[in-house]
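This report describes a single protein chain, from its overall dimensions down to individual residues. The sequence and the coordinates come first.

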Amino acid sequence: VIVGMLGLSGFFSAVAARLSRLAGSPGAFLAAIVAVSGLLSALFLNDTVCLVLTPIVAATCLRAGRDPVPYLVAVATAANVGSAATIIGNPQNMLIGAKSGIPFAQFFWRMAPASALGLLACWLVVRLAFARRLAGSSGTGPAARDHALPPGAGMAAARIHGPMMAKAFAAGAIMLALFLAGLPVALAAMAPAAMLLVTRRVKPARILARVDWSLLAFFAGLFVITAAVTRTAAWSWFAGHALSEASRSPWLFSGLTALVSNLISNVPAVMVLGPTAAAMADPAEAWLLLAMASTFAGNLTLVGSVANLIVAEGAAVQGVRVSFLDYLRAGLPVTVLTLAIGTALLPLLA
């Protein structure tokens with residue numbers, strides 16, 4: 001609801017317009033995309049950020065005559081890495097926050113350093129993996145001309161509603177304050193959301209229409225399927241062998257989490273691995289490791305996370321194809337580096 005109000009107020013359009021001004025400098029544009037995608041994902045959910053940024057980044061690159069693929073890969077990888085920093089950054093973190101009882105502030109202070117270093121790794125890997133394509137130009141042919149904006153487009157084109165944006169930011173600030181005060185995550189989110197629905201400026205139905213109800217139904221279905229899987233004989237065998245071994249080492253547990261996350265997706269992976277984390281000698285440490293590994297593992301392939309698919313589908317609408325191999329070129333090294341950073345760093349910050 002808070003993100004929906006921010007969208008209606010023009011906040012994301014304003015951010016995108018400012019970001020597009022850097023398109024003339026490949027290095028600065030790439031760094032800005034990584035920073036903006038990572039930071040916004042920590043605050044406003046990585047899927048939402050990818051949905052907003054992808055068409056803007058693709059169209060901006062085409063207008064500037066640049067290859068959009070490296071920048072779009074940066075949007076996806078940075079969104080995943082940045083979202084690891086907070087409980088509200090992605091769905092699996094929300095699930096872990098609810099089940100583990102780890103306070104918002106503790107989660108942030110433990111996860112943010114690995115997330116920040118991970119964003120640096122994203123920028124470095126994308127820059128190296130696509131060095132030629134970043135240095136070159138995709139030309140100024142028909143594709144670029146088709147995405148040309150009318151004169152005066154840019155910041156002026158972003159329609160801003162100041163009071164609405166101020167109210168959304170106030171609600172966001174209240175939400176963060178309630179998180180830091182230790183209130184239950186659900187209550188801390190629902191209270192300011194309810195405040196936003198009391199308004200004369202916009203009908204509440206317009207805000208609620210921006211809630212992805214189908215995604216909520218999808219996750220509800222995952223709970224049912226996961227519960228059924230954990231009652232099977234195959235899962236009992238897996239839990240008794242692989243999970244018992246992995247629980248003895250953070251590196252093994254991190255690697256197993258990454259593997260399971262890419263086999264069944266990261267949210268189901270958290271659901272099935274949660275009981276193992278809760279039963280480990282230090283449950284809080286295990287939950288944090290599970291959050292880090294399941295999120296960073298989403299960068300391995302194009303189908304590793306919903307955020308990646310949103311970028312690929314959004315790019316296709318703009319006539320840009322992000323192939324499986326294009327993504328893998330950066331996604332594989334980003335995943336290996338960030339998993340190593342996170343697994344090594346988390347115990348040091350205990």
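## Overall fold

The structure is a predicted model. In the protein chain there are 19 helices and 0 strands. Along the principal axes, the C-alpha atoms occupy a box of roughly 65 × 50 × 35 Å. The radius of gyration of the protein chain is 20 Å, which agrees with the value near 20 Å for a compact globule of 350 residues.

Of these 350 residues, 50% count as buried. Contacts in the protein chain can also be sorted by sequence separation: among those between residues at least 6 apart, 77% join residues at least 24 apart.

## Helices α14 and α15

Helix α14 spans residues 233-246 and helix α15 spans residues 250-264; their axes come within 7 Å and cross at roughly 130°.

On the α14 side, the contact is made by Phe238, Ala242, Leu243, Glu245 and Ala246, and on the α15 side by Leu252, Phe253, Leu256 and Val260. By class, the residues of the contact of α14 with α15 are 8 nonpolar, no polar and 1 charged.

## Aromatic pairs

A pair of aromatic rings is described by the distance of the centres and the angle of the planes. The whole structure contains 5 aromatic pairs, and two of them are treated here.

In the pair of Phe11 and Phe169, the ring centres are 5.1 Å apart and the planes stand at 90°, so the arrangement is edge-to-face. Phe11 belongs to helix α2 (residues 11-20) and Phe169 to helix α10 (residues 162-180), so the pair links distant parts of the chain, 158 residues apart. Phe11 has a relative accessibility of 12% and counts as buried, whereas Phe169, at 39%, counts as partly exposed.

The rings of Phe104 and Phe179 are stacked, with 4.7 Å centre to centre and 10° between the planes. Phe104 lies in helix α7 (residues 104-129) and Phe179 in helix α10, so this pair ties together parts that are 75 residues apart in sequence. Phe104 is buried, with a relative accessible area of 8%, and Phe179 counts as buried at 2% relative accessibility.

Ring pairs also link Phe11, Phe44 and Phe169 into a cluster.

## Helix α2

The helix that carries Phe11 is α2. How many of the residues of α2 are buried? The count is 7 of 10, so α2 is largely enclosed by the rest of the structure. These buried residues are Phe11, Phe12, Ala14, Ala16, Ala17, Leu19 and Ser20. They pack against α1 (2-9), α3 (26-44), α4 (46-63) and α10.

| Residue | Relative accessibility | Class |
|---|---|---|
| Val202 | 4% | buried |
| Met292 | 1% | buried |
| Ser41 | 0% | buried |

Val202 is placed in the loop between α11 (185-197) and α12 (204-208). Leaving aside neighbours within four places in sequence, Val202 is in contact with Met5, Leu8, Met164 and Ile207. The C-alpha atoms of Val202 and Phe108 are separated by 33 Å, the two residues being 94 residues apart along the chain.

Met292 is part of helix α17 (residues 283-296). Not counting residues up to four places away in sequence, Met292 touches Met111, Ser254, Thr338, Leu339, Gly342, Thr343 and Leu346. From Met292 to Glu245, 47 residues apart along the chain, the C-alpha separation is 19 Å. Glu245 is also one of the α14 residues that meet α15.

Ser41 is found in helix α3, one of the helices against which the buried residues of α2 pack. With neighbours within four places in sequence left aside, the contacts of Ser41 are Asn46, Val49, Ala79, Gly82, Ser83 and Gly89.

Methods
Residues are numbered from 1 along each chain as its sequence is written. This is a predicted model: local features need pLDDT of at least 70, side-chain atom pairs count only at pLDDT 80 or more; totals for chains, interfaces and linings use all residues. Side-chain values use heavy atoms; hydrogens and water are left out. Axes are lines fitted to C-alpha atoms, for helices over the stretch in contact, and angles run from 0 to 180 degrees between N-to-C directions. Helices (H or I, at least four residues) and strands (E, at least two) are DSSP runs, numbered from the N terminus. Contact means heavy atoms within 4.5 Å. Ala, Val, Leu, Ile, Met, Phe, Trp, Tyr, Cys and Pro count as nonpolar, Asp, Glu, Lys and Arg as charged, and the others, Gly among them, as polar. Rings of Phe, Tyr and Trp (its six-membered ring) pair if their centres lie within 6.5 Å; planes under 30 degrees apart count as stacked, over 60 as edge-to-face and the rest as tilted. Buried means under 20% relative accessible area, exposed over 50%, partly exposed in between (1.4 Å probe, protein chains only). The radius of gyration is taken over C-alpha atoms; the globule rule is 2.2 Å times the number of residues to the power 0.38.
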